[in-house]
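Hello,

Here is the structure I promised to pass on to you. Please open it beside this email and follow along as you read.

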Amino acid sequence: MSVLCGLPPLLECVYCVACARWAWKRCLHSAGHDSENWSVATAEEFEPVPRLCRYILGVYEDDLRQPQREPPEGYGINPDCLIVKKNYPDTGGRAPPYLLYLDHDHADIVLAIRGLNLAKESDYAVLLDNKLGKRKFDGGYVHNGLLKAAGLVLNAECEIMKQLLEKYPNYILTITGHSLGSGVAALLTMVIAQNLDRLGNIDRKRIRCFAIAPARCMSLNLAVRYADVINSIVLQDDFLPRTATPLEDIFKSLLCLPCLLCLRCMRDTCISEEKMLKDPRRLYAPGRLYHIVERKPFRCGRFPPVVKTAVPVDGRFEHIVLSCNATSDHAIIWIEREARRALELMQERDHVMEIPAKQKMERQQTLTREHNEEHKAALQRAVTLAVPHAFSPSHYGTFDELDEEQSDTSVRDSSPGSSSRSKTKDNWDELIERLYEKDESGHKILKRSTSQ
């Protein structure tokens, strides 16, 4: 009897110790811990980020010839080179507003997509059009509503982008977006990368994506696989890339978002990382990650920003940072400012070192080779960690010309109608649907190419 009487106080002590341990670990965890072992980014690879942030801000303007909220340094957009600019009435609310801009100064064809508009119900409809494991794509899982929005943008602008890429063969197609738009941009890039023949059989190296403050929109195997074309930019403590809470639940709880994040933080602390990696439906921030770090734990004020980069598999922003800046670091204005400061510091450092042009070109080639090797190692690590639906690098053509040609051929062969119907304008929604077939139980599964 005495043993039973002493049991409740003992359980209470154990519970209090567990809570204290959790609070200690969470309060000590800072954003710098996520990327402390990553390599430092170079000015060459990070150069487009501040510029693309300003292009995204330009989408918020009604008339770029008479801007109302232009930042001091301007948007950097020449209105005469603006190809397309669409707002909510043009998209029917099924996709965020965007613009298509021909950037002659940087040899870029830029598709910029704005972030969530808290006053628009249609944006919430895009976010809420999803359930865990609802949409399977290319052997993984993606956000259903964001994929539909990507298909709508492609339907509208595919022919224009194809004409521009043919007219300017040395230009790169750069797709960028912020928050909600980042998820649309990432999935849009993924669909294009699978169907390069739809844009005139362009080289895979001519497409790239910069997802600013990215939403978790694709499963881990896809996030690592497309790291050669998709880049995600995260400012310090930004909550969105860190919380595995489905987007639809986050924006159902906007009035009590801190409570939701805290509860999710407690729940994720109790789940082992191995179990997280084994869940094929769990969504992640896409591609290669760039982390802007400007604050240090237990120190006041902001420090000169440092940009770290990697293609992580485990430890991919798995823990929410309990910080008063978790939501402010998600703002595109702050990201643009800190990215610009970081780039200026990188360029000043290069200028002090007085690196000759020839060595800069050699460094760029070395950087490209290192990124390819890092991507290949990440794919292999995903296989080693038994990430669901992960394949070894030999299955993807991103590391040498021979594999690249084989990959492009397999994608074209696996796309129905790619040989006979490529001359006509196809509906991208139908194309996405044709990537599936039904199994014996009636569920949709991805159609695999014979080469795999």
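This is a predicted model: local features need pLDDT of at least 70, side-chain atom pairs count only at pLDDT 80 or more; totals for chains, interfaces and linings use all residues.

Residues are numbered from 1 along each chain as its sequence is written, and side-chain values use heavy atoms, with hydrogens and water left out.

**The sheet**

An open sheet is formed by 9 strands, in the order β1-β13-β12-β10-β8-β7-β4-β3-β2, with mixed pairing. Strands here are DSSP runs of E with at least two residues, helices are runs of H or I with at least four, and both are numbered from the N terminus. Two strands pair if DSSP finds at least two bridges between them. At the edges are β1 (39–40) and β2 (82–86), each pairing on one side only. As background, strands of a sheet pair through backbone hydrogen bonds, either parallel or antiparallel.

**Strand β4 and its neighbours**

β4 runs antiparallel to β3, and 6 bridges join the two; tyrosine 101, for instance, has valine 110 in β4 as its bridge partner. These two strands form a hairpin with 4 residues between them, and alanine 107 in the turn has a positive phi of about 55 degrees. β4 is also joined to β7 by 6 bridges, this time running parallel. There, isoleucine 109 is partnered with leucine 173 in β7.

How buried is β4? 6 of its 6 residues are buried, so β4 is largely enclosed by the rest of the structure (buried means under 20% relative accessible area, exposed over 50%, partly exposed in between, with a 1.4 Å probe and protein chains only). Asp108, Val110 and Ala112 are buried on one side, and Ile109, Leu111 and Ile113 on the other.

**Serine 232**

Further along the sheet, β8 (residues 207–212) and β10 (residues 230–235) run parallel, joined by 4 bridges. Serine 232 is found in β10 and counts as buried because its relative accessibility is 0%. A polar atom of its side chain lies 2.5 Å from the backbone oxygen of proline 286. Not counting residues up to four places away in sequence, serine 232 touches Ala211, Pro214, Ala285, Pro286, Arg288, Leu289 and Tyr290, where contact means heavy atoms within 4.5 Å.

Enjoy exploring!

Best wishes

Conventions. A polar contact is a pair of N or O atoms within 3.5 Å; within protein, one must be able to donate a hydrogen and the other to accept it, and residues adjacent in sequence count only if both atoms are side-chain atoms.
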